[in-house]
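Subject: Structure for your review

Dear colleague,

Please find below the structure that I am handing over to you.

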Amino acid sequence: MSRGFFESMMACLKVLDLSGNRNIELFPEEICDLINLRYLNISNTCISELPKEIKNLTRLQWLLLNGISNNVLIPTGVIASLPLNVFSTWESGLEKEEEVVEELGGMQELIDLSIVVHKSSSALKIFQSLQRCIRRVKIMDCKNLTCIPISHSLKGRVNFLHLEVLHLQGCRMLVKMEITQGTGQVPNYSCFPSLVEVLVEGCGFSDLSWLVHAPKLQILMVWRCYSIKKIIGDEIAGEELAASGLFSHLEFLNIGFLPKLRSICDHTLFFAQGLNIKIYDCPSLKKLPWDSSNARGSFSIYGDIQWWAEFEWDPTARVTFQWRDEGSVEEEMTFGEAVRKMNDRPNWYSTIGFRPSGPSE
């Protein structure tokens with residue numbers, strides 16, 4: 001940008017969006033003179049450091065730093081000095097991460113936070129001090145993180161009212177999401193009332209029973225968790241599952257490379273109509289938490305012949321069948337015929353669509 005580009009705008013410019021300009025490598029310091037700026041978006045640029053003068057933007061409410069490949073350096077005290085309502089570093093890393101998270105915890109005007117963290121202390125701080133404003137959080141490669149404790153009270157406001165996206169990746173020692181309620185309280189499964197997307201990859205969980213606290217979940221992806229035996233464990237009773245509405249809004253279930261996974265849930269569950277399921281390399285998973293007699297809605301599964309050959313389903317049930325390759329035509333046949341058809345092309349993946357034969361919604 002030519003020097004003086006912002007001079008004529010200093011008193012009036014309120015919104016500045018520089019996102020997507022990968023050729024911008026240095027923060028244009030003239031921006032710090034835009035005293036009425038409310039919204040600044042430098043996402044998907046190559047800016048890796050903010051100047052300390054950015055604290056001059058005393059009316060800035062939105063600061064978006066998403067998708068920056070290098071870790072972003074934010075000078076000490078800058079974030080805390082801004083009246084931010086929205087702060088987002090989604091798909092970006094932070095230099096001085098713990099320091100930034102500490103400052104965020106004290107910002108009372110912050111109502112919308114998206115962040116990626118790599119330190120165990122940062123992860124714990126988010127779940128202890130930033131419940132009121134966190135919207136998206138990705139916790140990656142926290143080597144010493146073994147448990148995320150959450151205190152969930154029925155009194156007052158819901159702790160994680162705004163949390164929509166939760167990604168837990170590469171935390172090999174993480175074995176527990178411990179959600180506790182007050183003594184004597186009736187069990188309440190609404191800790192994450194707005195959570196719609198969960199990704200768990202490369203973690204140490206044996207099950208993900210804490211998902212019962214996410215009744216609006218739409219997308220669930222579980223990959224390379226080599227200790228997982230069940231998605232929902234035995235400690236949750238069938239009537240509690242039914243009351244929680246678990247998976248009743250689920251649209252997409254993607255599970256892969258889970259060698260010990262035997263069951264999604266041992267109780268019968270009723271999923272949303274049109275559920276799309278993708279299953280890769282889960283050799284111990286033989287059936288779903290419903291069968292051809294009680295499936296309420298249509299759903300489709302994408303998998304390979306090795307998995308399909310051992311999948312338990314009524315061979316006479318009518319299904320639709322389609323190869324993975326582009327241009328293939330969807331055909332109607334019985335499930336048994338579909339499995340036999342796959343023997344002709346054993347190295348190909350296919351999608352089978354199932355129709356309800358049990359009671360309708």
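The notes below cover aromatic rings, charges over rings, cysteines and strand pairing.

This is a predicted model, in which local features need pLDDT of at least 70 and side-chain atom pairs count only at pLDDT 80 or more, while totals for chains, interfaces and linings use all residues. Residues are numbered from 1 along each chain as its sequence is written, and side-chain values use heavy atoms, with hydrogens and water left out.

Aromatic rings

A pair of aromatic rings is described by the distance of the centres and the angle of the planes. Rings of Phe, Tyr and Trp (its six-membered ring) pair if their centres lie within 6.5 Å; planes under 30 degrees apart count as stacked, over 60 as edge-to-face and the rest as tilted. The structure contains 25 aromatic pairs. In one of them, the ring centres of Tyr-39 and Trp-62 are 5.6 Å apart and the planes stand at 45°, so the pair is tilted. This pair links distant parts of the chain, 23 residues apart: Tyr-39 belongs to strand β2 (residues 39-41) and Trp-62 to strand β3 (residues 62-64). Strands (E, at least two residues) are DSSP runs, numbered from the N terminus. Trp-62 is partly exposed, at a relative accessible area of 36%; buried means under 20%, exposed over 50%, and partly exposed in between (1.4 Å probe, protein chains only).

For Trp-308 and Phe-311, the centres are 5.6 Å apart and the planes at 85°, so this pair is edge-to-face. Trp-308 is buried at 0% relative accessibility, and Phe-311 is buried at 5%. Both belong to one aromatic cluster, whose members include Phe-247, Trp-290 and Phe-354.

Charges over rings

A charge sits over a ring if NZ of Lys or CZ of Arg is within 6 Å of the ring centre and within 35 degrees of the ring normal. Lys-138 lies over the face of Trp-90, 5.5 Å from the ring centre. Likewise, the charged end of Lys-278 sits over the ring of Tyr-302, at 5.3 Å from its centre.

Cysteines

The structure holds 0 disulfides (a disulfide being a pair of cysteine sulfur atoms within 2.5 Å). For Cys-46, the nearest cysteine sulfur is that of Cys-32, 19 Å away. The sulfur of Cys-133, a buried residue, is 15 Å from the closest one, in Cys-191, too far for a bond.

Strand pairing

Two strands pair if DSSP finds at least two bridges between them. Strand β15 (residues 318-323) runs antiparallel to strand β16 (residues 331-334), joined by 4 bridges. β15 also pairs with strand β17 (residues 349-354) in the antiparallel sense, over 5 bridges. Thr-320 stands opposite Glu-332 in β16 and opposite Gly-353 in β17.

With kind regards
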